[in-house]
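Trainee: I'd like to go through the contacts in this one and ask what stands behind each label. Can we take it step by step?

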Amino acid sequence: MSEPLIEVNQLRKEFYLGKGRTLKAVNDISFSIRKGETLGLVGESGCGKSTVGRTMLRLYEPTSGQFLFEGKDVYRSSGARMKAMRRDIQMIFQDPYASLNPRLTIMDSIGEALDVHKLTKSRAERRARIEELLELVGLRADHANRYPHEFSGGQRQRIGIARALAVKPKFIVCDEPISALDVSIQAQVVNLLKELQRGMGLTYLFIAHDLSVVKYISDRVAVMYLGKLVELADSENLYASPLHPYTCALLSAVPIPDPEIEAIKERVIIKGDLPSAINPPSGCPFRTRCPLAQEVCSAEMPPLVEHRPGHFAACHFAGAM
Amino acid sequence: MNKPIAREPVLEVKNLKVSFHVREGELQAVRGVDFHVDPGEVVGIVGESGCGKSVTAQTLMRLIPSPPSRIKSGSIRFLGEEILLKSEKEMRKLRGSKMGMIFQDPMTSLNPTLTVGSQIIENLTRHLNMNAAQAKKRAIEMLKLVGIPSAETRINQYPHEFSGGMRQRVMIAIALACDPALLIADEPTTALDVTIQAQILEVMKELRSRLKTSIILITHNLGIVAGICDRVIVMYGGQVVETGTVKELFTNPKHPYTEGLLKSVPRLDSRKEEPLIPIIGTPPDLVHPPAGCAFAPRCPYTMRICQRLDPGLLDCGGTQAARCWLNHEMAQEANA
């Protein structure tokens, strides 16, 4: 098995809200991603999944914890070393309307990355590289002189992907890259991401709330709830035999486009809403909505334990559902 | 007002055409839509952004301001009466009483400066002539019905004190307070998380069997349609491209767009190796709608006739019909 490209150890990110209140968005999370692998990160809104991605890129500075990229500590790097690492780590954002500067042509949006890292020597070379990137993501070279408003959502997301690829990264954080797109366009972008991964040996952290898409694209999947990692497994195993009651509920909540399956499916419907991350429940964060909760759950946070080879879950009663 | 007689549809839409005047010209958002909703039936309208599904729904309630919109032609009969001939005053009596609506975003569709209770009570006092005490009692009943705990105290709270899922429950309570004949739900769960979505769908299913309200459910999620609807209408480029019962449409789609939609979404219960087949290209420009089939430029089975002539909705047996030349009786011969 190849060495992990990414290692995240006990990552924490807290936001100070004033008046002595802090929001623990990411609470002590550890995972690793091997080279060429896709790790899916799922959870509902407010669970901290996007904060994980943004903290890895240092769009937010971490409160504590470690992020090793090819063995080098990202959070202890600065200056030229950090700049070099930024080339290796890129991001694709959720909203293709908000993530492109409306006043820059596509050429300049993509070219900015090339300029910052001084990757091209002449204007002609810059232009050629940008045109090559546009064709790589399925756009036409003559699109380069247009502005973002001239493109549809799916096309804009392709531009966002071209921009991330411009600096030849090794690792890309994809933060809900398809959730703003129409269903028929989603498959186009998912297939493009898969092709690029095969062709360029990319490693992805794929953040999404759509479990069907995450299952499709990921090798392994991590499930987050209220800032904590509650389950981590191979995607086939996670979907076939989930151990954590939250994962079970999440999976059974997804509607399947087949009326016969829908008619007989038994749903685990969890009651209530997500508790506040400012004042999370004691012990296990899921215990307030969990059908299996016992006294021990409010007393102790269950650790993330390997229950089967490669299948981790943080639950006192893992596998009981 | 006429009560719906059995078998007589609650709603009947015929040849509805709605356009918007935009800088580039006339945008034909809805191009001749026909459908009906029977009593107690749940009809799903499926399609992507810009296919005309929301414009259709809002036109049913006459909620789209004119200008910029214009209802070019058609008829909407609701409980036997023509909606398009009604005055604004008459429409106001209908909305919220005989027709309820739930919108996608529960935060922007509730008034943030009024308590949740007063927003339900307003409906009841206006349409059902209830006095304040009766209306409050009924409002609490409604909140309990949609599963809001401690309704007696929650009724005095404001929308910002409710979570997204709870707000959507409030919206459902408001929409159903006057026992409408038809509920129009426009992407009611799109803004919600999956576990909350499951809760809301459960509420809707339960109310459906208890209150026998007819429902039009607009969504882009085929899974939701499979779970809750009786019949489906698939829209593309401002037209109905396929219609049929849920079973017919999911087991044997007759329009390549429906087939494409089903194949391009990964399913949670499918195996990973099955490739995702995307629909190539983008939806048509409705300022200059194509002469032939709107889906032809993206269709894997396109033929010469598709570019020139629109087939109209062709009968495919059962209750199924599709706007595709492949279902024409001569298609087999033509292909051979």
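Mentor: Let's start where the chains meet: between chain B and chain A there are 11 residue pairs in polar contact, both residues at pLDDT 80 or more. This is a predicted model, where local features need pLDDT of at least 70, side-chain atom pairs count only at pLDDT 80 or more, and totals for chains, interfaces and linings use all residues. Residues are numbered from 1 along each chain as its sequence is written, chains are lettered from A and ligands numbered from 1 in the order in which they are written, and side-chain values use heavy atoms, with hydrogens and water left out.

Trainee: What makes a pair a polar contact?

Mentor: A pair of N or O atoms within 3.5 Å; within protein, one must be able to donate a hydrogen and the other to accept it, and residues adjacent in sequence count only if both atoms are side-chain atoms.

Trainee: Which helices of chain B supply at least two residues each to the side that touches chain A?

Mentor: α7 (194–211), α8 (222–228), α9 (246–251) and α10 (256–264). Helices here are DSSP runs (H or I, at least four residues), numbered from the N terminus. α7(B) gives the most, with 8 residues.

Trainee: Why is B:Arg267 with A:Asp258 called a salt bridge?

Mentor: The term asks for a side-chain nitrogen of Lys or Arg within 4 Å of a carboxyl oxygen of Asp or Glu. The closest N and O atoms of B:Arg267 and A:Asp258 are 3.7 Å apart, so the pair qualifies.

Trainee: What makes A:Asp73 buried or exposed?

Mentor: Its relative accessible area is 13%, and buried means under 20%, exposed over 50%, partly exposed in between (1.4 Å probe, protein chains only), so A:Asp73 is buried. Its salt-bridge partner is A:Arg76, at 3.5 Å between the closest N and O atoms. A:Arg76 has 71% relative accessibility, so A:Arg76 counts as exposed.

Trainee: Why are B:Glu206 and B:Arg210 separated by about one helical turn?

Mentor: Because they are 4 residues apart in helix α7 of chain B.
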